[in-house]
Amino acid sequence: MSRIILSLVLLCLSIGTATAAEKSKHVLLLGIDGCRFDAMSKAKTPNLDKLMANGKYSNALILGDRYQENDTVSGPGWGSIVTGVWADKHNVQDNGFKEPHFDKFPHFFHWVKQELPEAKTISIINWSPIKTFMVSDADISIDTTTIPKSYQLWDNTAAAQAADLIEKESPTAMMLYFGEVDETGHAHGFHPSVPEYIDAIEHVDSLVGKVLEAIEKKTDQEWLIVVTSDHGGLGTGHGGGHDKPEILNSFLIVSGEGAEKGKFDKQVYIVDAVPTCLAYLGLKIDDAWQLDGHPVGLKSDEK
């Protein structure tokens, strides 16, 4: 009898292992514009807290050691995040987008589609220059901006569309951007002591929760969720922040079953987000891509 029980246990373990191995891999790059990590830590953010508890996290710098000439604003910040290279390569120095080099240093969807032609890619944003200048190789590209101007409404729409498309399309790679926190910082101040700023972070966290609910329903899939921001803020702005820690410090969260747990023990950067997503999907990062970032926070068997 004991041998029969042992055989059944081994069979169940074997089936469980096979089931886990069959799960498809998916990534979500989640951007929260203008979100200070210290303010997020003060706010009530159960969903972001959940991601941190199930992953690796810490502050992340928005400028690298090699190049620090670009302004500390959204254009260079998101340019660096979605490409994995610094501004001397993608050439977005401010919010003017005069001569961007996204043809040479493209949005990470380009590498996903090059290596995984059948992959589904979806971008949902509400800061229009991301869609206009940066996004490429997206099967679905959505800009939720409308008139009148309301970043909270646009964020609500972005989250609802993300949850819907996760359910219906099961994207291999998705980028989702929320702009309300940055807009509130410009209006009221980027600081943990500003109630409106904290309220905006908490509202975005509730939207993150709706997206996580959609992901958690996909029991046959394994998702890596990478969360970051393009800059912090000081007063009601963030330009010219090269020597201001409140602006230079963003954050990076790498969360999911494929992620290590705890705080990063080495400095990480916003350009690390894309290489981490690519490595998790099983892509071998080619030196010819000239990425400045590196995969971080992944378990050794995911790198």
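Biologist: What covers the buried residues of helix 9?

Modeller: Before reading that, note that this is a predicted model, in which local features need pLDDT of at least 70 and side-chain atom pairs count only at pLDDT 80 or more, while totals for chains, interfaces and linings use all residues. Residues are numbered from 1 along each chain as its sequence is written, and side-chain values use heavy atoms, with hydrogens and water left out. Helices (H or I, at least four residues) and strands (E, at least two) are DSSP runs numbered from the N terminus, and buried means under 20% relative accessible area, exposed over 50% and partly exposed in between, with a 1.4 Å probe and protein chains only. In helix 9, the buried residues are Glu-180, Val-181, Asp-182, Thr-184 and Gly-185, and their cover includes strand 1 (24–32), helix 8, strand 5 and helix 10. After helix 9 comes Gly-189, with a positive phi near 125°.

Biologist: At what angle do helix 9 and helix 10 pack?

Modeller: Axes are lines fitted to C-alpha atoms, for helices over the stretch in contact, and the angle between N-to-C directions runs from 0 to 180 degrees. Helix 9 (residues 180–188) and helix 10 (residues 195–216) pack at about 175°, and their axes lie 9 Å apart. Because angles under 35 degrees count as roughly parallel, over 145 as roughly antiparallel, 65 to 115 as roughly perpendicular and the rest as oblique, helix 9 and helix 10 are roughly antiparallel to each other. On the side of helix 9, the contact (heavy atoms within 4.5 Å) is made by Glu-180, Val-181, Thr-184, Gly-185 and His-188, and on the side of helix 10 by Glu-196, Tyr-197, Ala-200, Ile-201, His-203 and Val-204. The spacing within such lists can be read with the rule that an α-helix has 3.6 residues a turn, so residues three or four places apart point the same way.

Biologist: How are helix 3 and helix 10 oriented to each other?

Modeller: The axes of helix 3 and helix 10 come within 7 Å and cross at roughly 55°, and the two helices are therefore oblique to each other. Helix 3 contributes Pro-46, Asn-47, Leu-48, Lys-50 and Leu-51 to the contact, and helix 10 contributes Asp-205, Ser-206, Val-208, Gly-209, Leu-212 and Glu-216.

Biologist: Which elements give two or more residues to the lining of the largest pocket?

Modeller: Rolling a probe the size of a water molecule over the atoms shows where empty space is left. On a 1 Å grid over the protein atoms alone, a cavity is a set of points where a 1.4 Å probe fits but cannot get out, a pocket is an open set with protein on both sides within 12 Å along at least five of seven lines, and lining residues have an atom within 4 Å of a point. Grid points are joined across faces, edges and corners, and a volume is the space filled by probe spheres set on the points. The largest pocket, with a volume of about 370 Å³, is lined by 17 residues, and Asn-54, Ile-215, Glu-216, Trp-223 and Glu-257 lie nearest its centre. The elements in question are helix 3 (46–53), helix 10 and strand 6 (221–228), with the largest share, 4 residues, coming from strand 6.

Biologist: How many cavities of 30 Å³ or more does a search of the whole structure find?

Modeller: The search finds 1, and about 50 Å³ of space lies in the largest cavity. Its lining includes Ile-62, Asn-70, Trp-86, Asp-230 and Ile-270.

Biologist: Which residues does Glu-115 touch, leaving aside those up to four places away in sequence?

Modeller: Glu-115, which lies in helix 6 and is partly exposed at 38% relative accessibility, touches Leu-283 and Trp-289. The C-alpha atoms of Glu-115 and Leu-278 are separated by 9.9 Å, although these residues are 163 residues apart along the chain.

Biologist: Which residues are joined by a cis peptide bond, and is Phe-97 buried or exposed?

Modeller: Most residues other than glycine have a negative phi, and most peptide bonds are trans. The cis bond joins Ile-147 and Pro-148, with omega about 5°, and Pro-148 is found in the loop between strand 4 (140–143) and helix 8 (151–169). Phe-97 is not a glycine but has a positive phi of about 50°; it sits in the loop between helix 5 (87–90) and helix 6 (109–115) and is buried, with a relative accessible area of 6%. Ser-170 also has a positive phi, near 45°, and lies in the loop between helix 8 and strand 5 (173–178).
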